[in-house]
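Work through the exercises below with the sequence and the model open. Each task is followed by a solution in steps.

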Amino acid sequence: MSDVLLVLLIVVLVALAVLAVVILVLRRRNLAAAGPRRRVDPLADEPDVYDPHKIGVGDVITYAGIDHVVRGTIVLEEGGMIWREHLLDGSTGRRWLTVEDDEGDLEMTLWMRREGTNLEPGGDVVLDDRVHRQIERGRAAYTAEGTTGTPPTGTVEYADYATADKTGLLAFERWAPTQSWEVSTGRAVSRGELTVYHRTSETP
């Protein structure tokens, strides 16, 4: 009886060995038929960190290591062109972020208000010993939400200036004919300079 069991054990072991060889051969054939494995972008299915055109009230924007809360947003329209101005409030004060598309190119600019300049648009404007020339002027309709310091709707007169090398930006805005001009200096920022955390939708 022991000889029979020994033979059966040997037969089982041989069968298992043959099966393993067959599986290995088939697997290699399948891999060869499939060809080399294509590399894929591991982040291809990940959405962008933020959408500049969807920045709105309640979002948090980090710039230069400082967090800012979007307190208010103004949507402006002129001749079919739409752009947005967001009031950012952080530990170093308030500033405005403009987001717009210029012929398909994203443009974002950070602005700081300049008080006491007594400047008005018209001809060349000298500020901080730099000459700024007018590049655009107009009147836009707007709607506002959140904290902006403006009425909910209205029109704004604006004039944009820049230095010859475009590194110095100057903006004038007047929200009513009887008001004085608000003056701001700005600098262009790239999308990568900002980290934006969109406010999650509120659940009832």
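**Exercise 1.** Find what share of the contacts with a separation of 6 or more joins residues 24 or more positions apart.

Solution. The model is a predicted one. Take the contacts in the chain with a separation of 6 or more; residues 24 or more positions apart account for 49% of them.

**Exercise 2.** List the elements of the chain from the N terminus on.

Solution. Begin with the counts: 1 helix and 11 strands. Then place them in order: the run is α-β-β-β-β-β-β-β-β-β-β-β.

**Exercise 3.** State how much of the chain is buried, and describe its accessible surface.

Solution. A residue is buried when its relative accessible area is under 20%. Of the 204 residues in the chain, 30% are buried. The accessible surface comes to about 13,900 Å². Carbon and sulfur atoms hold 55% of that surface.

**Exercise 4.** Locate the largest nonpolar core and the elements that build it.

Solution. The largest nonpolar core has 14 residues, and those touching the most other members are I74, L76, A140, Y142 and V156. Next, look for elements that give two or more residues to this core: these are β2 (66-78), β3 (81-90), β7 (130-146), β8 (153-162) and β9 (169-174). The largest share, 3 residues, is from β8.

**Exercise 5.** Name residues that L76 touches, leaving out those up to four places away in sequence.

Solution. Finally, a second, separate core has 13 residues, among them V70, L88, L110 and L194.

Key: Residues are numbered from 1 along each chain as its sequence is written. This is a predicted model: local features need pLDDT of at least 70, side-chain atom pairs count only at pLDDT 80 or more; totals for chains, interfaces and linings use all residues. Side-chain values use heavy atoms; hydrogens and water are left out. Helices (H or I, at least four residues) and strands (E, at least two) are DSSP runs, numbered from the N terminus. Buried means under 20% relative accessible area, exposed over 50%, partly exposed in between (1.4 Å probe, protein chains only). Contact means heavy atoms within 4.5 Å. Accessible areas come from the Shrake-Rupley method with a 1.4 Å probe; for residues, only the protein chains shown count as cover. A nonpolar core is a set of buried Ala, Val, Leu, Ile, Met, Phe, Trp, Tyr and Cys residues joined through side-chain atoms within 4.5 Å.
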